[in-house]
Amino acid sequence: MRVILVGFGVVGRSFAELVESEARKLERDYGLRPRIVAAVDHLGAAVAEDGLDVKTVLESKKKSGTMEGLGQQYSAGKSALDVIKEVECEVVVESTPTELTSGEPGLGHVRAALKEGRHVICTNKGPLAIAMPALMELANHNKVLLKFSGTVGGGTPVLDFAKKCLEGSKIRSISGILNGTSNFILSKMTSEGVTMQAALAEAQRLGYAEADPTYDIGGFDTACKLVITSNYVLGTSLSIKDVRIKGITEISKKDIDEAKSKGSVIKLIGRVEKNASVQPQEIPATHPLNVSGTFNAISFDTYPAGEITLVGKGAGGMETASSVLRDLIEIRRAFAR
Ligand code: HSE
């Protein structure tokens, strides 16, 4: 299966590494032989119709920050849109940074790929938070799949868990901790007494934060994930504009200590019932949503099974790459059918 990687940051590179290290298992267990025929970052594109040498691409990127180590296979300044139009492939993986005003450049990439009849795996939340219903329609119209498991929960299969494993149940509400970075920050502030700035700097260094970290601490990333989950699982047609959003920027050490003295913790919680909202909330330390570090936790209030909570790592390159791989396997299955 020929794959184009659009965006070659933490997620794109982790996915390339994962595909390389799991090659034998993928072929043996799923009959899947992913071949990365192009990788594009904001500086240019590396293209090889018979497959790029992943190790060389990763080494070049690590050494110089570009893919120019690929020699003739590399074209400086070549755009993702040109590559999507010119290079034959079955799947485009879109993992450029999230942008929430226009959704660009991701939205344009996803649209172009779907129009070209390529399946798309998108880990970029912007296009979906802004235009999910229209993109789903475009994918259906072009008879291709648009998959986005990695947009919610990192490597934790939140979306398919709710969609597939809760079939037959009524989901009355969804609430959760959906942003690894702000949960990491709140946890560090609670357990180690560090400042918000210091904890954020560490989350950035570890590759958890968004390119624009105000998306994390301002609650916008949680809002994106809430929109995607609600639309996919509950069949709503929300966009990020429909969500009431308050982030953690005003949370002080005093607020955290006060909560602690009552046996509670402050968490950034996204919730959808009749309306969708994101806000910091005090919950008892014994609450199932009280997870620490970059963990995400999401509770589905279901009928008749009651409250069901899923917990797992919500951010990180390899974690998100594992979701991309699950999507790829599902596309392969649908192809085979
Ligand atoms: N910045 C995001 C987070 C990355 O911290 O959860 C995963 O979507």
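**Close-up views of a predicted protein chain**

The protein chain has 13 helices and 13 strands (DSSP runs numbered from the N terminus, with helices being H or I of at least four residues and strands E of at least two). This is a predicted model, in which local features need pLDDT of at least 70 and side-chain atom pairs count only at pLDDT 80 or more, while totals for chains, interfaces and linings use all residues. Residues are numbered from 1 along each chain as its sequence is written, and side-chain values use heavy atoms, with hydrogens and water left out.

**View 1. The whole chain.** The C-alpha trace of the protein chain spans about 65 × 45 × 40 Å along its principal axes. The radius of gyration of the protein chain is 20 Å, which agrees with the value near 20 Å for a compact globule of 337 residues (taken over C-alpha atoms; the globule rule is 2.2 Å times the number of residues to the power 0.38). Of the 337 residues, 55% are buried (buried means under 20% relative accessible area, exposed over 50%, and partly exposed in between, with a 1.4 Å probe and protein chains only). Among contacts between residues at least 6 apart in sequence, 68% join residues at least 24 apart (contact means heavy atoms within 4.5 Å).

**View 2. Helix α5 and its cover.** Helix α5 is mostly covered, with 8 of its 10 residues buried. These buried residues are Gly 106, Leu 107, Gly 108, His 109, Val 110, Ala 112, Ala 113 and Leu 114. Their cover includes the helices α4 (80–86) and α6, together with the strands β1 (2–6), β5, β6 (119–122) and β7. After α5 comes Gly 117, whose phi is positive, near 80°.

**View 3. Two cis peptide bonds.** The bond from Glu 104 to Pro 105 is cis, with omega near 5°. Pro 105 is found in the loop between β5 (91–94) and α5 (106–115). The bond from Tyr 303 to Pro 304 is also cis, with omega near 10°. Pro 304 is found in the loop between β12 (295–303) and β13 (306–313).

**View 4. Lys 143 in its loop.** Lys 143 lies in the loop between α6 (125–141) and β7 (146–147). Phi of Lys 143 is near 55°, a positive value in a residue other than glycine. Is Lys 143 buried or exposed? Lys 143 counts as exposed because its relative accessible area is 73%.

**View 5. Ser 323 and its contacts.** Ser 323 lies in helix α13 (residues 317–336). With a relative accessible area of 0%, Ser 323 is buried. Which residues does Ser 323 touch, not counting those up to four places away in sequence? Ser 323 touches Ser 149, Gly 150, Gly 154 and Gly 155.

View 6. Cys 89 is in no disulfide, and its nearest cysteine sulfur, that of Cys 122, is 14 Å away. Cys 89 counts as buried, at 5% relative accessibility. Cys 224 is in no disulfide either, and its nearest cysteine sulfur, that of Cys 122, is 11 Å away. Cys 224 is buried, with a relative accessible area of 1%.

Terms used:
A disulfide is a pair of cysteine sulfur atoms within 2.5 Å.
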